[in-house]
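Subject: Structure handover

Hi,

Here is the structure we spoke about. Please load it first, then read my notes below.

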Amino acid sequence: MNSAQIEIQLIASLVAIACAIPGTFLVLRKMAMISDAISHAILPGLVIGFFITQDLNSPLLILLAALSGLITVVLVEQIQQTGLVKEDTAIGLVFPALFSIGVILIAKNANDVHLDVDAVLLGELAFAPFDRLIISGTDVGPKSLWVIGSILTVTLGLLFAFFKELKVSTFDAGLSASLGFSPVIIHYGLMSVASITTVGAFDAVGAILVVALMIAPAATAYLLTTDLKKMLLLAVFFGVLSAISGYWMAHILDASIAGSITTMLGFIFLMAYLFAPSKGVIAVIYREKQQRTEVSLITFLLHLKNHSEKSERHVNHLCEHINWQKVRAKTVLDLAQQNNMIIIDNNIVSLTDKGDAFTTQAIDYIITNEDAQIEDMKDDFFLFRG
Amino acid sequence: MNLNEYFSLVFSDYTLRTITLGTAILGAVCGMLGSFAVLRKQSLLGDAISHAALPGIAIAFLITGAKDSNTLLIGALVSGLIGTFWIKGITTKTHLKSDTALGLILSLFFGFGMLLLTFIQKQPNANQAGLDKYLFGQAATLVESDVWLMAIVTGLCLVVILLFWKEFKMLLFDPDYTKTLGFNTRIIDILITSFIVLAIVLGLQTVGVVLMSAMLLAPAAAARQWTNSLGTMVILAAFFSAFSGVFGTAISASQNNLSTGPVIVLVASVFVLFSFIFSPSRGLLFRHIRFIKNRRDLEQHKTLAFMYHIAKTHDTISHPHTIKILNNFQGFTRGTLQKLVKKNYVELDGNMWSLTEEGFKTASNLYNQQNNE
């Protein structure tokens, strides 16, 4: 590994961390698409900033671009407040218009501007180490490292200073307002951080892929935990992990670094989506299947309790009476037998004492719907758990 | 070339005619389907799908090695559909919300597509140049066969919409009711979503991945302001969209260095802005005018009621009073007094006013409707 490679990985990791923090809150506040809007709408700000400064890393350009991101947020809210269209339509109306203005500004001044829309959207991390920051003659590292480093420092400072406020206003805006933390100020604070991070990160990973770095780690973490601190840490971890593994994948394939970082993010998300312990798709499908069986079991037990005559309780009869297919009937019978709820004697099914007590409880539960009644049943059954 | 030249050339010049027809047809189909997307609160779906189509284009190129736009479109269609159904999967099976799902699919698919595109660029295949036109679209690359394809798809889409109009409409406004009537909502849903994906994929070549979503929803959002009927909205949206297509092409053709996509989007945005402000029933301007008018009416009523209470204390209604006593009353202005005179509720005599018989009657009926006789 040479120093350029280390620097690239360092920049990518810092970008990942800087994006994961506001990203987590955006995902929790159901505003993930705002980050997409911001990432497109910074273009006119960037172009105007570039006309003035001629330097993609100057602080003025970053401020101007972040300002145009904030203008997007304000415009979306204004349009939404008129009540003429829904919020998502408002987002979808504002950012393409701003983005178009940016593209046209670039196209009309193509001769004076060394700014490529591709470069803005896609970024090129591989070139980042060549743009060095030189302070009084000494080389102190790549410019983008300093830019994203300072953005990250500010973000972290704000996070630690306002963690409590952010947490309250994210989960309960009403409570936060009544406690005296203005949700509006926190909202705009978060939006400013998101805008500045997007701008700071765009020339490393490109504007669209900033969105991936904001949303994907947070969404992956959200599938694995419901604790805000753990979610933040996990999001940062996933971000850094895919930044570094993505870099090496790009190295091997000789392809875009930003693209392969996103692909790694996608891969990690796919894994969590499929295999997350309680919220992954496989777990959910398994749980739904269990619940279906359990509902059948209770139906079955109720049926037994209601019929004392032997003909109603014959194994063969059950299939046609409750209208179950053979396989399902067998699953339910086996489950009931395993739990000692029923005994089968001469193909006649009858409830045991335990089954009888359970059925009574179940009826009580269905009628009263009170949690306290079923506390002790929760261990045996998925169905009654939360 | 200026605008006049453009319009004189549009029927004779092959390229201009193709592009104009292409954008017009594309606009029409996007407007029609966009109305459904906007009303189904799926406005941003277009954005997500258009980005999600990118890896499909790259993979189709990798498999076939040819840049035939039809095969690339099929690739885009497949990957757009996968994206759409994955979004559905995420929102129904996990607790992630739709905005997160959209953002995820959008950025992840797009990033993967970029990876593939840069990978393709490194391949020793001279044919690969120009795949990135799908990013921003280049209407100039449209040829007659593309326009034919668009026309066929638009026709198909029109037939399906007319055939399933009732089902689509019902699913749009009351999915539960549709289900209870015995329609298979899932199939209707898949049908309309697939057509939205198809329209988006068709537009990629012309306006590109990034701006396709605006093409879909801006005309629909504009049309929504002018009507409350779905049929009118669909037709209006198609018209707005086709017009922005043609007009955008005209502007971009008459200037140097203007790509068509952004101009079309800006024209559509102007439509939206215009509709937001000037639509008679919902527009901001008329809403504000109605607001002011209502406030004036209320003030006039207040003045009249105040006069009524003064007049009530006197023997005759027409007992004159000085205008001065109205001065410390908020609803009173010279204007309102003049209006009351015009309505024949009040008579003025120099500095004195008095209520007329009619004014007294109206005033007594203002807040309660008891003295109607």
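In which loop of chain A is A:Asp254 found? It is the loop between helix H11 (228-253) and helix H12 (257-275). Keep in mind throughout that this is a predicted model.

A:Asp254 deserves a look at its backbone. Its phi is positive, about 55 degrees, although the residue is not a glycine. Is A:Asp254 buried, partly exposed or exposed? It counts as partly exposed, because its relative accessibility is 43% and that class runs between 20% and 50%.

B:Lys41 sits in the loop between helix H2 (14-39) and helix H3 (45-64) of chain B. B:Lys41 counts as exposed, because its relative accessibility is 53% and the cut-off is over 50%.

Back in chain A, there is a glycine to note. A:Gly180 lies in the loop that links helix H8 (173-178) and helix H9 (183-205). With a relative accessible area of 60%, A:Gly180 is exposed. How many residues separate A:Gly180 from A:Glu165 in sequence? The answer is 15, and the C-alpha to C-alpha distance is 9.7 Å.

Next, charge on chain B. Which residues gather in the patch of positive charge on the surface? They are B:Lys293, B:Arg295, B:Arg296, B:Lys339, B:Lys342 and B:Lys343. Two helices of chain B, H13 (284-312) and H14 (334-342), each supply at least two residues of this patch. H13(B) gives the most, with three residues.

B:Lys342 is one of the patch members. Its place is in helix H14 of chain B. B:Lys342 is exposed, as its relative accessible area is 75%. Patch residues need over 30% relative accessible area, so B:Lys342 passes that part of the test.

Last, the overall form of chain B. It has 15 helices and three strands. Its radius of gyration is 30 Å, whereas a compact globule of 373 residues would have one near 21 Å. Along the principal axes, the C-alpha atoms fill a box of roughly 105 × 55 × 35 Å. What share of the 373 residues of chain B counts as buried? The figure is 53%.

Best wishes

How values were computed: Residues are numbered from 1 along each chain as its sequence is written. Chains are lettered from A and ligands numbered from 1 in the order in which they are written. This is a predicted model: local features need pLDDT of at least 70, side-chain atom pairs count only at pLDDT 80 or more; totals for chains, interfaces and linings use all residues. Side-chain values use heavy atoms; hydrogens and water are left out. Patches are made of residues with over 30% relative accessible area and no salt bridge: like charges are joined within 9 Å, nonpolar side chains (Val, Leu, Ile, Met, Phe, Trp, Tyr) within 5 Å. Accessible areas come from the Shrake-Rupley method with a 1.4 Å probe; for residues, only the protein chains shown count as cover. A salt bridge is a side-chain nitrogen of Lys or Arg within 4 Å of a carboxyl oxygen of Asp or Glu. Lys and Arg count as positive and Asp and Glu as negative; His and the chain ends are not counted. The place of a charge is taken as NZ of Lys, CZ of Arg, CG of Asp or CD of Glu. Helices (H or I, at least four residues) and strands (E, at least two) are DSSP runs, numbered from the N terminus. Buried means under 20% relative accessible area, exposed over 50%, partly exposed in between (1.4 Å probe, protein chains only). The radius of gyration is taken over C-alpha atoms; the globule rule is 2.2 Å times the number of residues to the power 0.38.
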